[in-house]
Amino acid sequence: RMPCLQSREETELFAEAISDGEPDLIVFDTLRRALRPGAQENDSGPFSEVLANVDWLRRQFTSPPAVLFVAHPSKAGDSLSGWGGMEAALDFILIAKRPKGSDAGTVLVDKVRDGPRGAVLPYSLKMVDTSPGETTCTIEAPAVAGAQAAQKAERRARAPKGADRVL
């Protein structure tokens, strides 16, 4: 279950639940679901509480993990939905776009605190069955997909004659 990150109590329970390891990255999908039911998305108060609790959460680890919030664009599509000051509070903003029905898309580096912006990075989605009736997806950069294809081709080239299939 997604913790309500406006609540210090729920944030503490979440920290306890993941305390067995030292995560490099924590992903919350979506930012809207991190708010209390009925919280006003366009109000700075709820997001200030979330950011304060996420800062606290990060400090609970020896090496503070990166935190990634998945957020949707505004109805106009030109900014993030919710409080306008949110973008100023974030260290980076990546905008993923993918044509409907396609596995390939791009990520635009829209904001990097104290860094360059504007890079466009290609990616592809790969669906993975996790259990009967449930799937998730992984994101692959073309270099990874290309390297995997090269390794597969190399294994095929070394396969004994008559081998039908080499993975």
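Is Arg 36 buried, partly exposed or exposed, and what is its relative accessible area? Please go on from there to the parts around it.

Modeller: A word of caution comes first: this is a predicted model. Now to your residue. Arg 36 has a relative accessible area of 37%. Buried would need a value under 20%, and exposed a value over 50%. Arg 36 is therefore partly exposed.

Next, its partner. Arg 36 forms a salt bridge with Glu 49. Their closest N and O atoms are 3.6 Å apart. Glu 49 sits in helix α2, while Arg 36 sits in the loop between β1 and α2. The two are 13 residues apart, and the pair links distant parts of the chain. Glu 49 has a relative accessibility of 33%, so this residue also counts as partly exposed. Why can such a pair form? Side chains of opposite charge can pair when their charged atoms come close.

Leave aside the neighbours of Val 50 within four places in sequence. Val 50 is then in contact with Leu 5, Gln 6, Leu 31, Ala 34, Leu 35 and Phe 69.

Val 50 also belongs to the largest nonpolar core, which has 22 residues. Five of them touch the most other members: Leu 5, Phe 28, Val 50, Leu 57 and Phe 69. Four elements, α1, β1, α2 and β2, each supply at least two residues of this core. Helix α2 spans residues 44-58, and strand β2 spans 66-70. The largest share, five residues, comes from α2. In soluble globular proteins, nonpolar side chains tend to be buried together.

The model has two aromatic pairs. One of them joins Phe 14 and Phe 28. Phe 14 lies in helix α1, residues 8-17, and Phe 28 lies in strand β1, residues 25-29. They are 14 residues apart, so this pair too links distant parts of the chain. Both Phe 14 and Phe 28 are buried. Ring pairs link Phe 14, Phe 28 and Phe 69 into a cluster.

Let us return to charged pairs. The count of salt bridges comes to three. Another joins Arg 113 to Asp 91, with the closest N and O atoms 2.7 Å apart. Arg 113 lies in the loop between β4 and β5, and Asp 91 lies in the loop between α3 and β3, so the pair ties together parts that are 22 residues apart in sequence. Arg 113 is partly exposed at 39% relative accessibility. Asp 91 is partly exposed as well, at 48%. The remaining salt bridge pairs Arg 117 with Asp 110, at 3.4 Å between the closest N and O atoms. Arg 117 is exposed, with a relative accessible area of 59%.

Four strands form an open sheet in the order β3-β4-β5-β6, with antiparallel pairing. Strands β3 and β6 stand at the edges, each with a single partner strand, so one side of each has no neighbour in the sheet. Neighbouring strands are turned by 35° against each other on average, direction ignored.

Take the strand pairs in turn. Strand β3, residues 92-97, and strand β4, residues 104-112, pair over six bridges. Ala 96 has Val 107 in β4 as its bridge partner. β3 and β4 form a hairpin, with six residues between them. In that turn, Gly 101 has a positive phi of about 85°. Further on, strand β5, residues 120-131, is joined to β6 by seven bridges. Leu 125 stands opposite Ile 139 in β6.

Finally, the whole chain. The protein has four helices and six strands. From the N terminus on, the elements run α-β-α-β-α-β-β-β-β-α. The protein has 167 residues, and buried residues make up 25% of them. Among contacts with a separation of 6 or more, 41% come from residues 24 or more positions apart.

Conventions: Residues numbered from 1 in each chain as written. Predicted model: local features only at pLDDT ≥ 70, side-chain atom pairs only at ≥ 80, totals over all residues. Heavy atoms only, no water. Phe/Tyr/Trp six-rings, centres within 6.5 Å; stacked < 30°, edge-to-face > 60°. Buried < 20%, exposed > 50% of the residue type's maximum accessible area, 1.4 Å probe, protein only. Core = buried A, V, L, I, M, F, W, Y, C linked by side-chain atoms within 4.5 Å. Contact = heavy atoms within 4.5 Å. Pairing = 2+ DSSP bridges. Axes fitted to C-alpha atoms, helices over the stretch in contact; angles between N-to-C directions. Salt bridge = Lys/Arg side-chain N within 4 Å of Asp/Glu carboxyl O.
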